[in-house]
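I opened the model today and kept notes as I went. Here is what I looked up, in the order I looked.

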Amino acid sequence: MVVLGKLTLGKSSPRYIAASDHTLLVRFSREMSAEANDAALRLMRRVDRSPLEGIADVAPAYASLIVRFDPGRLAHSDVETYLRDLLAREGGEEATEPRILDVPVVYGGEYGPDLEATAALCHVSAERLVELHTSVSYR
């Protein structure tokens with residue numbers, strides 16, 4: 001079981017996957033969840049606070065974090081060791097308050113020519129598809 005601060009992630013540790021010659025993927029879960037997303041964001045903040053020379057960028061997703069690095073300076077194993085060390089550190093992070101952004105969206109017409117086809121694929125009307133899409137908040 002992996003404990004990140006006060007967050008417990010299932011029975012297995014994150015998986016480290018060489019995604020290319022210059023990227024390492026840290027997958028916290030196969031499924032999207034708030035807990036896995038929180039873990040990816042927490043690790044991203046730890047990388048930002050304790051940078052390693054040769055890491056160019058980190059990008060979180062719902063259940064993972066991808067780390068882009070300079071393969072002339074670091075190997076996948078170097079990056080994995082660095083990330084494992086960051087994850088092993090005790091919490092100490094302040095919980096961050098999420099920002100709420102309103103994203104204007106236009107449905108149908110020239111901006112969404114696939115609205116009707118997508119609605120048909122989902123067996124709902126275009127109006128219902130828009131209602132479903134706008135009825136929830138997204139992380």
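**Entry 1: the whole chain**

I began with burial: of the 139 residues of the chain, 29% count as buried. For me, buried means under 20% relative accessible area, exposed means over 50%, and partly exposed lies in between, with a 1.4 Å probe and protein chains only.

A note on the source: this is a predicted model, where local features need pLDDT of at least 70, side-chain atom pairs count only at pLDDT 80 or more, and totals for chains, interfaces and linings use all residues. Residues are numbered from 1 along each chain as its sequence is written, and side-chain values use heavy atoms, with hydrogens and water left out.

Next I listed the secondary structure, and found 4 helices and 6 strands. I took helices (H or I, at least four residues) and strands (E, at least two) as DSSP runs, numbered from the N terminus. Along the sequence I read the pattern β-β-β-β-α-β-β-α-α-α.

I also checked contacts, meaning heavy atoms within 4.5 Å. Among contacts with a separation of 6 or more, 54% come from residues 24 or more positions apart.

**Entry 2: the sheet**

In what order do the strands of the open sheet lie? I traced 4 strands as β3-β4-β6-β5, with antiparallel pairing; two strands pair if DSSP finds at least two bridges between them. β3 (15-20) and β5 (55-60) are the edge strands, each pairing on one side only. From one strand to the next, the twist averages 20°.

I then went through the pairs. β5 and β6 (residues 64-69) run antiparallel and are joined by 5 bridges. They form a hairpin with 3 residues between them. In this pair, Val58 stands opposite Val67 of β6, and Ala59 faces Ile66 of β6. β4 and β6 also pair in the antiparallel sense, over 5 bridges; there I found Arg27 opposite Ser64 of β6.

**Entry 3: helix α1**

Which strands does α1 touch? Helix α1 (residues 34-49) packs on the sheet and touches β4 (23-27), β5 and β6. Its direction makes about 160° with that of β5; axes are lines fitted to C-alpha atoms, for helices over the stretch in contact, and angles run from 0 to 180 degrees between N-to-C directions.

Is Asn37 buried or exposed? With a relative accessible area of 8%, Asn37 is buried. Not counting residues up to four places away in sequence, Asn37 touches Ala61, Tyr62 and Arg139.

**Entry 4: helix α2**

I tested the length of α2 (residues 76-88). At 1.5 Å a residue its 13 residues should span 18 Å, and its end C-alpha atoms are 18 Å apart, which agrees. The expected span is 1.5 Å times one less than the number of residues.

Its buried residues are Val79, Tyr82, Leu83, Leu86 and Leu87. They lie on the same side of α2, because they cover an arc of only 135° around the axis. The arc is that of the directions from the helix axis to the C-beta atoms. A reminder to myself: an α-helix has 3.6 residues a turn, so residues three or four places apart point the same way.

**Entry 5: the core**

Last, I looked at the largest nonpolar core, which has 22 residues. Such a core is a set of buried Ala, Val, Leu, Ile, Met, Phe, Trp, Tyr and Cys residues joined through side-chain atoms within 4.5 Å. Phe28, Leu43, Ile55, Val79 and Leu83 have the most contacts inside it. β4, α1, β5, β6 and α2 each supply at least two residues, and α1 gives the most, with 6 residues.
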